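The following note sets out numbered remarks on the model shown below. Please read each point alongside the coordinates.

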Amino acid sequence: MKKIEAVIKPFKLDEVREALSEIGISGLTVTEVKGFGRQKGHTELYRGAEYVVDFLPKIKIEIVVNEEQVDPAIEAIIKAARTGKIGDGKIFVMPVEQVVRIRTGETNEAAI
């Protein structure tokens with residue numbers, strides 16, 4: 001099993017969720033986060049004063065999938081989240097040792 005974390009632009013969330021749903025991935029966790037990469041923030045004007053916004057709003061999506069679903073999930077996220085502009089985000093893939101469904105006690109593959 002693998003955990004996929006994707007950090008994307010907020011307005012792309014619905015498209016990514018639909019793309020994952022189309023390939024059979026139904027469970028996901030979404031968190032509103034802030035951060036920056038190569039963008040390094042930007043400046044904005046508020047009431048005549050300029051200020052720097054260092055951390056940009058992003059969405060972090062977390063899913064746990066079987067090994068066979070990793071590549072299709074990554075492709076679906078990339079296809080749905082890509083705008084072609086800086087700040088489209090990143091995808092991280094890491095191993096998951098164990099999963100337990102709290103309600104039933106099911107473990108690993110059965111718990112996904």
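This is a predicted model: local features need pLDDT of at least 70, side-chain atom pairs count only at pLDDT 80 or more; totals for chains, interfaces and linings use all residues.

**Contacts and packing**

1. Leaving aside neighbours within four places in sequence, I77 is in contact with I4, A6, V16, L20 and I91, contact being defined as heavy atoms within 4.5 Å. I77 lies in helix α2; helices (H or I, at least four residues) and strands (E, at least two) are DSSP runs numbered from the N terminus. At 2% relative accessibility, I77 counts as buried, the classes being buried under 20% relative accessible area, exposed over 50% and partly exposed in between, with a 1.4 Å probe and protein chains only.

2. Residues are numbered from 1 along each chain as its sequence is written, and side-chain values use heavy atoms, with hydrogens and water left out.

3. Helix α2 spans residues 70-81, twelve residues, and reaches 16 Å from its first C-alpha to its last, close to the 16 Å expected at 1.5 Å a residue; the expected span is 1.5 Å times one less than the number of residues. The buried residues of α2 are V70, A73, A76, I77, A80 and A81. They lie on the same side of α2 because they cover an arc of only 130° around the axis, the arc being that of the directions from the helix axis to the C-beta atoms. On the other side of α2, D71, E75 and K79 are exposed.

4. What covers the buried residues of α2? The cover includes β1 (2-8), α1 (13-22), β5 (56-65) and β6 (89-95). Helix α2 lies across β1, β5 and β6 and runs at about 5° to β1. Helix α1 lies across β1, β2 and β5, at about 10° to β5. For these angles, axes are lines fitted to C-alpha atoms, for helices over the stretch in contact, and values run from 0 to 180 degrees between N-to-C directions.

5. The sheet is open and has four strands in the order β2-β5-β1-β6, with antiparallel pairing; two strands pair if DSSP finds at least two bridges between them. Its edge strands are β2 (29-35) and β6, each of which pairs on one side only. Neighbouring strands are turned by 20° against each other on average, direction ignored.

6. Strand β5 is joined to β2 by seven bridges, and seven bridges also join β1 to β5. E5 stands opposite E62 in β5. Strand β5 is mostly covered, seven of its ten residues being buried.

7. Not counting residues up to four places away in sequence, E62 touches K3, I4, E5, L28, T29 and T31.
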